[in-house]
Amino acid sequence: MKRANCMRLSEVPIGGKASIVEIVLPVAAQEYLMRRGFVPGTEVEVVRRGPLKGPMVYRIQGTETAIRAETAERIQVEMGAAGDAETE
Amino acid sequence: MKLVSLGEGASCHTPAAETQSTRNGNGRGRTIALIGPPNSGKSTLFNRLTMLRQKVANYPGVTVEQRTGRLAGSNGQEIVLIDLPGIYSLNAYSEDEEVASKALRGEIPGVAKPEAVVVVLDSTHLERHLTIVPPVLSLRLPTLVLLNMADELEVRGGSIDLVKLAGSIGAPVALVSAKKGTGMEAVSRFCEQPVATNGRDALHVLQNVPACQKWANRVGRDSGYRAPRESLWTKRLDNLLLHPFWGPAIFVLVVMVVFQSVFSLGQPLSNHLQELLNEAGRGLFGRLPEGWLQSLLLNGIWRGLASILVFLPQILLLFFFIGVLEDTGYLARAALIADRTMNRIGLNGKSFVPLLSAYACAVPAIMATRTIEDKRDRIATILIAPFMTCSARLPIYTLVIAAFVPERKYLGGLFGMRAGAMLGLYVLGFLAALVTASLLKSSVLKSSGMPFAMELPEYRRPSVRSLVVRLVDRCKVFVFNAGVVILIVALVLWVMTYLPLTDGKPPAIDESAIGHLGRWIEPVIRPLGFNWKVGVGLFTSIFAREVIVGTFGTIYGVDPATRSLSLQEALQRDLTPAAAAALVVFFAFALQCTSTLAVVRRETNSWTWPAVQFGYMALLAYLGAWVTFWGFSRWLGG
């Protein structure tokens with residue numbers, strides 16, 4: 001499933017959508033994020049950046065969740081495959 | 001009627017459920033557990049169902065609150081509802097999940113095994129929230145699935161086929177609004193007569209998040225779930241409240257309002273209440289013949305009770321604001337804005353509001369740390385909160401500064417030396433908190449490695465009912481849990497000032513047990529420039545910081561050498577300026593507050609943390625005062 005348009009969640013521009021591929025973190029942390037909606041195969045939309053260089057806000061299945069950029073860097077996503085191809 | 005049960009053919013009545021539902025009248029009613037993800041409105045539902053018939057305690061050995069409420073069934077039977085902590089799964093990764101999972105299995109001593117479960121989900125986030133259902137169904141207890149926030153689902157154009165949903169889940173389903181109170185009859189009916197659940201294919205779902213999510217998506221699809229439109233209000237408000245410039249500006253404004261209210265409204269209210277209670281105490285016990293009984297009632301018990309009650313205005317105010325901020329959804333945004341700053345000292349954004357309110361009073365602040373999800377961050381916040389300069393330090397600060405710091409103005413009156421000294425003490429406490437936080441977070445409370453993830457719920461109008469229940473609840477927790485410790489310390493202090501009797505009369509303070517204690521400790525505090533009188537003050541102020549001013553008043557009042565002087569003059573005569581500086585530094589660091597200790601014990605559910613905290617802060621206070629005394633002596637002396 002690895003494709004060329006695979007990137008980190010932190011690199012997806014605001015307003016962009018991508019599909020989660022995998023979380024590159026220890027199992028407990030993966031589990032923690034998955035319970036908050038960051039499940040591989042799910043679509044994520046980048047909503048906004050928190051003020052004062054704060055955490056990023058993502059929308060998954062209608063729920064907005066904020067995580068820090070350092071965490072978003074550890075989430076591999078692929079763009080364009082999730083249906084809403086806003087770039088094409 | 002919104003309850004949708006399974007069709008006759010689909011349900012397979014287990015005999016266990018039949019016998020359970022007839023078991024009552026043995027004094028303990030049926031127990032039913034409420035479970036659901038955070039932000040599902042579970043507590044609102046619990047508050048609506050049980051109102052003020054609630055009891056709050058800690059689960060044994062952990063810091064998770066155990067909340068139970070009573071509900072009267074229509075046929076007079078009593079139903080006990082357990083409100084379990086808000087969780088996303090039963091996998092026992094966190095303390096909350098472990099407690100919920102054990103409570104559902106009846107594995108917690110003293111907590112009855114629930115006979116049925118009510119799962120509360122937010123119907124506007126159905127597919128996310130359904131993931132908790134398979135693990136709950138696997139317990140094979142009669143289960144009712146509530147889709148909460150039905151009003152919002154409808155307004156925003158979402159819909160669901162309840163019959164199909166009940167069919168695919170294999171459990172009865174009801175659409176309710178805990179805030180509006182719609183659909184409550186379905187809940188009562190289930191509580192009175194739990195229906196056995198077959199759970200069917202949910203039982204075959206693997207107990208991991210991706211599998212549960214897949215199941216939830218399929219169930220949502222099969223039951224024609226149409227997700228509601230995005231909340232326009234939330235989007236508009238977030239555009240403003242999380243705006244790069246206006247967001248932080250409004251944040252500062254909100255925070256100032258909260259702080260100002262707790263500080264400048266709570267403090268006078270507390271003082272008035274104190275005066276009122278003193279007055280009432282004199283009225284109640286003043287007519288009794290003078291003697292030990294009057295003194296015990298008035299100076300022991302009544303004073304103890306009064307010092308518990310005076311905290312209530314500040315607790316009420318802070319929890320009113322926190323309640324409003326949390327229920328509207330702004331608290332999560334505030335935590336988001338504060339996160340980067342707090343991250344620098346190893347904490348997260350959720351510690352900000354509690355730490356700020358500790359500047360008014362550490363007691364409600366420590367109670368407010370319950371909103372911090374990560375246990376280590378929570379304990380670190382609790383441990384550093386008392387370093388913030390609370391209002392109880394101001395009497396001794398003001399007294400010493402007025403007595404020892406000359407009022408010189410600099411920069412054309414813009415900057416005064418006394419104000420500077422006061423500011424310095426605030427900064428000192430803040431720095432101690434920073435250093436302590438960094439120390440803690442790099443050692444015993446090293447981050448658990450869990451990333452910081454925070455849900456931003458939709459903005460909602462807070463429910464007055466829920467707010468009132470919560471305020472009453474917090475006051476009860478403080479009075480009944482912390483109050484006992486405060487009362488005991490008050491009584492011990494009373495005994496120590498009242499004994500030993502000479503000719504049946506209580507001694508003057510310097511001859512009392514506490515006076516002797518002050519003399520006994522004098523060699524230890526001499527290096528700080530303190531004499532036995534300060535020693536007595538340090539002991540009495542273990543109860544509360546402001547008590548030292550009254551103690552000084554009493555001691556210098558009976559001493560012939562200082563009797564005719566004002567308290568300021570007496571201090572000037574008795575202490576060197578270096579010792580005075582050491583005294584305020586000591587108070588900046590030391591945990592001279594029984595109420596704080598009692599609340600820390602309650603919130604951490606152990607005596608270890610308050611003991612460690614008291615010891616650490618006392619050590620820091622001693623060293624700080626010693627360095628100050630030494631430094632000032634050289635500086636002023638040389």
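Two residues are in contact if their C-beta atoms, placed from the backbone, lie within 7 Å. This is a predicted model: local features need pLDDT of at least 70, side-chain atom pairs count only at pLDDT 80 or more, and totals for chains, interfaces and linings use all residues. Residues are numbered from 1 along each chain as its sequence is written, with chains lettered from A and ligands numbered from 1 in the order in which they are written.

Q: What makes chain B touch chain A?
A: By that cut-off, 28 residues of chain B are in contact with 29 residues of chain A. The elements giving two or more residues to this side of chain B are α4, α9, α11, α14 and β11.

Q: Why are strand β5 of chain A and β11(B) called paired?
A: Pairing takes at least two bridges found by DSSP. Four bridges join these strands, so they pair. They run antiparallel, and Glu64(A) stands opposite Leu456(B).

Q: Why is α21 of chain B called a helix?
A: A helix is a DSSP run of H or I with at least four residues (a strand is E, at least two).

Q: What makes a residue of α21(B) buried?
A: Being buried takes 20 or more other C-beta atoms within 10 Å of its own C-beta (exposed: 12 or fewer; partly exposed: in between). Ile514(B), Gly515(B), Gly518(B) and Ile525(B) are the buried residues of α21(B). They pack against α20 and α22 of chain B.
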